[in-house]
Amino acid sequence: MPKMKTKSSAKKRFRVRPGGTVKRGQAFKRHILTKKTTKNKRHLRGSVGVHETNMVSMAAMLPGMGI
């Protein structure tokens, strides 16, 4: 049987935490920042977890990562 491969785009964007949750970066922080308020940009800092409704697709994109 061939090996199951990890999606290359997913391994660049997500990290699996020891508890099995997945860490991701915030969206809407890359460009067109002049029309966004300072408060909005400040709340987009840091990383957040992937929502539990998306964990099935995360497990399919990252096989063998303990999700």
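The following legends describe close-up views of a predicted model. Local features require pLDDT of at least 70 and side-chain atom pairs pLDDT 80 or more, whereas totals for chains, interfaces and linings use all residues. Residues are numbered from 1 along each chain as its sequence is written, and side-chain values use heavy atoms, with hydrogens and water left out.

**View 1. Overall fold of the chain.** Three helices and three strands are present, where helices (H or I, at least four residues) and strands (E, at least two) are DSSP runs numbered from the N terminus. Along the sequence they follow the pattern α-β-β-α-β-α. The radius of gyration of the chain is 15 Å, well over the 11 Å that the globule rule gives for 67 residues, so the chain is more spread out than a compact globule. This radius is taken over C-alpha atoms, and the globule rule is 2.2 Å times the number of residues to the power 0.38. Along the principal axes, the C-alpha atoms fill a box of roughly 50 × 20 × 20 Å.

**View 2. The open sheet.** Three strands are arranged in the order β1-β2-β3 with antiparallel pairing; two strands pair if DSSP finds at least two bridges between them. The edge strands, β1 (14–16) and β3 (47–49), each pair on one side only. Neighbouring strands are turned by 30 degrees against each other on average, direction ignored; the axes are lines fitted to C-alpha atoms, and angles run from 0 to 180 degrees between N-to-C directions.

**View 3. Strand β2 and its partners.** Three bridges join β1 to β2 (residues 22–25), and three bridges join β2 to β3. Towards β3, the bridge partner of K23 is G49. The hairpin of β1 and β2 has five residues between the strands, and in this hairpin G20 takes a positive phi near 100 degrees.

**View 4. V22 and the largest nonpolar core.** Seven residues make up this core: A10, F14, V22, V50, M55, M58 and L62. A nonpolar core is a set of buried Ala, Val, Leu, Ile, Met, Phe, Trp, Tyr and Cys residues joined through side-chain atoms within 4.5 Å; buried means under 20% relative accessible area, with a 1.4 Å probe and protein chains only. Of the 67 residues of the chain, 15% count as buried. Leaving aside neighbours within four places in sequence, V22 is in contact (heavy atoms within 4.5 Å) with residues including F14, V50, M55, M58 and I67.

Technical notes:
Buried means under 20% relative accessible area, exposed over 50%, partly exposed in between (1.4 Å probe, protein chains only).
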